[in-house]
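Please open the model in a viewer and keep the selection panel at hand. The stops below are arranged so that each selection leads to the next.

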Amino acid sequence: MALAFRVLSLFLLVCTLRVFSEHSEHEHDLNGASEDLKYREPRYLLYDVNPGEGFNLRRDVYMRIAVLVRSLNEDGPWTLVLPPWSRLYHWRSRDVGPQERIPWSLFFDLDSLREFVPVMEFHEFLEVNKKNTIDEVYYLQHYKEGWDKWEEKMDKRPCITNPYDWNPESQHWYGWFFGYNDEVEALKMECISVMGHAGILKPFLLKNTSARSVMLDRAETVLHDRYGDAVFWQVRRSMRFSKQLRDIGDAFRAEFLDSTDAKDKTVVEKSWKNMKRKHGDALGGPYLAVHLRRADFVRVREKDVPSLKFAAKQLKDLAEKHSLNKIFVATDAPMDEYKLLKGYIGDSYEVFKFEPTKQMRKDFKDGGVAIIDQWICAHARLFVGTRESTFSFRIQDEREILGFNPDMTFNRLCHEKDKKCEQPTRWHIEY
Ligand SMILES: Nc1nc2c(ncn2[C@@H]2O[C@H](COP(=O)(O)OP(=O)(O)O)[C@@H](O)[C@H]2O)c(=O)[nH]1
Ligand SMILES: *[C@@H]1O[C@H](CO)[C@@H](O)[C@H](O)[C@H]1NC(C)=O
Ligand SMILES: [Mg+2]
């Protein structure tokens, strides 16, 4: 495994260097351009997200920034530097080794991301950057005074809170830097109050700074340029999970759920660009999948999370209605809660949960196991999620990409007291 990773990262580095040298050729074309213009290309955009945010909101922030970087590339070559995954709040397993500095290639297919925008891993950036400093960090924040009318604007302002510290010795800024806090520093750090879409940052990045590497911290502060349009879906389609994780999910489907792509009409094209499914093209495997979000949600979203008994009742009713006798459960609930649920469902249905081997957990960590759960849910005939869970939302998008009938996707569990039981908003795919 370790060797496979080394080979993989070497390969990715070669790809990056290729992109890099293509850019150098481009620089030779810049006849008469000033020395520093030549020096600054390609430029690098780094970003980070509020430390408390979970994996699936972070995926959404990637999309906003990827659209920005693609638009920056209309002006000159920019590369998006992927923020390593370090110590996410929900990743609690202690027996799988440290869950930090995890590169994106463990979870995602980088070649697929690159079909939307140039990206590189942070460790590759450090290699081509040749120094352990980021030129400029802009910490995005809201306006201290709040707002009464919404308007797009951004201004340099004093920091409301500032997690960076000045290091008088090096004359640089200390920061978390995705868990590289003992190695990496920033030359300059400022706060910017912003209200608007990610696109508002483009003129600032092109005109107000010529730094080679710029990091936007708290990038979730800016909104999607256009939520749900064709470009939104392009970047979403490019965010494919890594092959190794998909393979594990597919093997589980085949072994336990009688589910294969050919039979279920969920065959994936080599490039996401060639995949343009219509609603109803996909059939899905003969099982009902539920994403039962528990853990912190039981407390913070009490009104939306049903009791295990009532969840079981809803699942049985749905399985019966759709004549499905297998139920796949993806959940962050502890084992005892899962067993209770299974007991409430009873013997008339076969209930499954993905149980990773010890080696899989070590190799792919909590983040990888969660992706396998999402992948299996994405292939079910019928999916039921949890209200307001970005984990459930990402499964819904995945099913839109695969071409499911929306009736089989946009469903959720409800609390016993929620008689209205409003179903999720249907964000349909656009091409
Ligand atoms: N394996 C697994 N992990 C889950 C499941 N549901 C939640 N988690 C974990 O809990 C995290 C929830 O955070 P997040 O991704 O922000 O989704 P949200 O909080 O539901 O919007 C996930 O990223 C997973 O690490 C599940 O069904 N299976
Ligand atoms: C960017 O530069 C323009 C022109 O100099 C200036 O008006 C604007 O305030 C600057 N933006 C920020 C956020 O500092
Ligand atoms: Mg969350």
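**Stop 1: the ligand site**

Select ligand 1 together with Arg293: an oxygen atom of the ligand is 2.6 Å from an N or O atom in the side chain of Arg293, where a polar contact is a pair of N or O atoms within 3.5 Å. The model is a predicted one, in which local features need pLDDT of at least 70 and side-chain atom pairs count only at pLDDT 80 or more, while totals for chains, interfaces and linings use all residues. Residues are numbered from 1 along each chain as its sequence is written, chains are lettered from A and ligands numbered from 1 in the order in which they are written, and side-chain values use heavy atoms, with hydrogens and water left out.

For Asn56, the distance from a polar side-chain atom to an oxygen atom of ligand 1 is 2.8 Å. Which residues come nearest to ligand 1? Of the 16 residues around it (a heavy atom within 4 Å), they are Asn56, Arg293, Asp373, Ser389 and Thr390.

**Stop 2: helix 12**

Next, select residues 335-345, which form helix 12 (helices are DSSP runs of H or I, at least four residues, and strands are runs of E, at least two, numbered from the N terminus). Glu337, Tyr338, Leu341 and Ile345 are buried here (buried is under 20% relative accessible area, exposed over 50%, partly exposed in between, with a 1.4 Å probe and protein chains only). These residues lie on the same side of helix 12, because they cover an arc of only 100° around the axis, taken from the directions from the helix axis to the C-beta atoms. Asp336, Lys339 and Gly343 are exposed on the other side.

Now show strand 10 (285-292), helix 11 (308-321), strand 11 (326-331) and strand 12, against which the buried residues of helix 12 pack (contact means heavy atoms within 4.5 Å). Gly346 follows helix 12 and has a positive phi, near 85°.

**Stop 3: aromatic rings**

There are 26 aromatic pairs (Phe, Tyr and Trp rings, the six-membered one for Trp, with centres within 6.5 Å; planes under 30 degrees apart are stacked, over 60 edge-to-face, the rest tilted). Select Phe256 and Phe352, a tilted pair at 6.2 Å centre to centre and 50° between the planes. Phe256 belongs to helix 8 (residues 243-256) and Phe352 to strand 12 (residues 350-352), 96 residues apart. Phe352 is buried at 11%, whereas Phe256 is partly exposed at 33%.

Technical notes
Polar contact = N/O pair within 3.5 Å; in protein donor to acceptor, adjacent residues only side chain to side chain.
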